[in-house]
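Welcome! Open the viewer and let us walk through this structure together, one selection at a time.

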Amino acid sequence: MMQPFSENPAAASSITEAPAITQDRPKVNLAASLAAPLPLAIGGALFMSCAAIAAMRQREWEYPVIQAMNAYADHSALFDRLMHALTTRDLLQGVIFVSLLWYLWFSTAETADRARLITGTVAAACAGIVSRMLQLVLPTHLRPLHTQALGFVLPVGVTPDALNHFNSFPSDHGAVFFALSFVIYRERRALGLAAFAWATELDVARIYEGYHFPSDIVGSIGLALIMVSLFDSYRIHQMACRVIAWQHLRRAPFYLLAFLLTYQIATLFDDVREIGRGFASAAFHRDIFSGPG
């Protein structure tokens, strides 16, 4: 029996594209399910070892590193301003990683590749959320710039009361940026290595400015690896394939939502956090993030 001919090119393309998506699904899910255990174990070992260092060996192992880096603070305004730009400008931070994700998305039409990008992006967002939750619930561990025993000299641009209201382990910036680097590396090794190098530079700048200890950063790498590995599962990749199938039928709402999500990831959900903080302050009649009491 003959099928009716559609004069709408968009409708015709959506009809012809959908079967290819279905055919790709088993291969994507099988590859993802086989890839996760080893990275998950490595990430867990990294995270737990860094948590132990932060709890028991910080003074012996990390104070010397912070003091060696801090010896260069407040000597060159240009260098300090450069480090400060790396820790405060979204264009130099999350925007770069998200731009690479969009580049990879439009560099391929393969369902397998796009499914990995979707699951990895959501994993990176969750890594940032989990990291911030851990910062808020773990016992307070002062950042270097607030640790009196270090005699920390503030670099130019850093204010003495910066980030003084919650724990610094693990770094939420590191968790998101390294998770995105893992996602990029899976698709293009050269781009992934460049992303890792830039994420490392950004987090070294955060150590220099006194926002984090090295264990905060390395622990965030472990957390990033854990989250990306957890999202490499059969069921989650099936869901990603359904999203891709929906994208072929509803491109406008898909890209609207994709832009909103990746924008928030690029800025580490700053607007969402500020809005939530404002509502929480209004509800409780105080800033619940300003410390105990």
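Which residue just after α8 takes a positive phi? Select G210: its phi is about 85°. Before moving on, a word on the ground rules. Residues are numbered from 1 along each chain as its sequence is written. This is a predicted model, where local features need pLDDT of at least 70, side-chain atom pairs count only at pLDDT 80 or more, and totals for chains, interfaces and linings use all residues, while side-chain values use heavy atoms, leaving out hydrogens and water.

Now colour by pLDDT, the predictor's confidence in each residue, from 0 to 100. The chain has a mean of 86, with 85% of its residues at 70 or more. Over residues 1-35, however, the pLDDT is below 50. Where pLDDT is low, the predicted coordinates should not be read in detail.

Next, select residues 189-208, helix α8 (helices are DSSP runs of H or I, at least four residues, numbered from the N terminus). Its buried residues (under 20% relative accessible area, 1.4 Å probe, protein chains only) include G192, F196 and Y208. Among the elements covering them are α3 (58-70) and α9 (214-230).

Finally, show the aromatic rings. Rings of Phe, Tyr and Trp (its six-membered ring) pair if their centres lie within 6.5 Å; planes under 30 degrees apart count as stacked, over 60 as edge-to-face and the rest as tilted. The whole structure holds 13 such pairs. Pick F47 and F169: with centres 5.4 Å apart and planes at 40°, the pair is tilted. F47 sits in helix α2, and F169 in the loop between α6 and α7, 122 residues apart.

Notes
Helix = DSSP H or I, 4+ residues; strand = E, 2+ residues; numbered from the N terminus. Expected span 1.5 Å × (residues − 1). Buried < 20%, exposed > 50% of the residue type's maximum accessible area, 1.4 Å probe, protein only. Contact = heavy atoms within 4.5 Å.
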